[in-house]
Amino acid sequence: MDILKKFLLSFVPIRFVRYKYNPILVYHSLGLTSNFKTKIHHVDLITLEKQLRYIQKYWKFVTIDEYLDTKNKKGLTSLTIDDGYKNVIDESLKIFEKLEIPITIFINSSTLNGKIFWRDKIRYLIENKMIRKFVNNSKLFNENDINNFYYLSKSSKFNTKVVELELNDFFLKENINLKIEERLCFDNKKYLINHPLIYYGNHSANHYFLSSLSKEEQYNDIIECKNFLESYNIKRSNVFCLPFGGINSYNDDTVGILKDLNYRSLLLTENKLNKLTKDKKIYRIMPTNSSIDDFIKKIYLKQMILNKN
């Protein structure tokens with residue numbers, strides 16, 4: 001099957017993709033270290049530079065807001081980064097500077113206010129084989145949820161704000177304190193820098209699964225991050241980046257709130273290429289530590305076969 005796929009991909013010139021679609025990139029963790037234990041979207045620096053140089057052969061990098069502003073989008077792409085991992089500033093910034101690529105980092109403001117990212121707590125439970133113990137103490141989860149706990153904990157089945165409260169109670173009860181090195185996202189204002197290539201955007205305050213929340217809870221989480229960003233002398237994006245990025249992770253309440261707050265567009269992470277004319281929702285692709293050429297062609301073929309977007 002893999003041989004057949006490679007054979008088919010070899011017959012897809014990248015110019016075919018460029019004629020109809022633009023790849024909008026999303027990364028998360030970007031750095032030298034690639035041996036994270038569990039559930040981290042990470043690309044190492046050597047792979048990152050190779051991928052970006054390849055993209056630059058066929059597309060021009062612009063900011064996500066400039067992409068929206070441009071009427072003729074043919075040949076344009078944009079690079080976005082979610083969650084605000086420290087290594088983006090500490091390690092990978094030099095790559096963007098060398099290649100002169102603008103980036104937009106979508107942050108969760110709660111970690112910059114001293115809060116531990118609740119997904120880091122989920123990862124801690126998984127890495128330390130404590131899921132069962134947590135579930136046995138939970139009022140939300142039960143025995144049937146253990147095997148699929150990571151994904152169920154970020155779904156509309158459970159109010160993710162309440163999930164976080166249960167995590168906090170459990171960590172307090174078990175006297176668990178995450179070490180500094182286990183706090184992977186921005187936790188200091190030094191990561192908010194006024195740099196010609198860096199823009200910052202709203203990824204909500206707490207990275208909850210928005211469709212699991214009430215309308216009021218959604219509004220509070222979005223406006224908190226918006227107000228936080230506006231209090232700093234940094235370049236800001238007027239695009240909202242959806243936490244978790246899936247089509248099921250938002251609802252009509254989310255769309256209404258974003259409209260009321262004058263956000264121009266919504267970023268999704270569905271591993272889809274964008275048609276040259278679409279603006280209301282922007283699909284993104286998430287490269288891994290592999291060939292970005294094959295990755296883009298696979299997505300292109302899938303969309304052409306299914307005739308989707």
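Contact here means heavy atoms within 4.5 Å. The model on display is predicted, so local features need pLDDT of at least 70 and side-chain atom pairs count only at pLDDT 80 or more, whereas totals for chains, interfaces and linings use all residues. Residues are numbered from 1 along each chain as its sequence is written, and side-chain values use heavy atoms, with hydrogens and water left out.

Select helix 11 (215–230) together with helix 12 (252–260); helices are DSSP runs of H or I with at least four residues, strands are runs of E with at least two, and both are numbered from the N terminus. In the contact, Lys215, Gln218, Tyr219 and Ile222 of helix 11 meet Asp253, Thr254, Ile257 and Leu258 of helix 12. These residues divide into four nonpolar, two polar and two charged (nonpolar: Ala, Val, Leu, Ile, Met, Phe, Trp, Tyr, Cys and Pro; charged: Asp, Glu, Lys and Arg; polar: the others, Gly among them).

Next, view the two axes, which are lines fitted to C-alpha atoms over the stretch in contact, with angles running from 0 to 180 degrees between N-to-C directions. The axes of helix 11 and helix 12 lie 10 Å apart, at an angle of about 40 degrees.

Now move to Ser204, in the loop between strand 8 (198–202) and helix 11. Ser204 is not a glycine, yet its phi is positive, about 80 degrees. Its relative accessible area is 0%, which counts as buried (under 20%, with a 1.4 Å probe and protein chains only).

Finally, select Asp83, in the loop between strand 6 (76–82) and helix 5 (86–99). Asp83, also not a glycine, has a positive phi of about 85 degrees, and it is buried at 8% relative accessibility.

Terms used:
Buried < 20%, exposed > 50% of the residue type's maximum accessible area, 1.4 Å probe, protein only.
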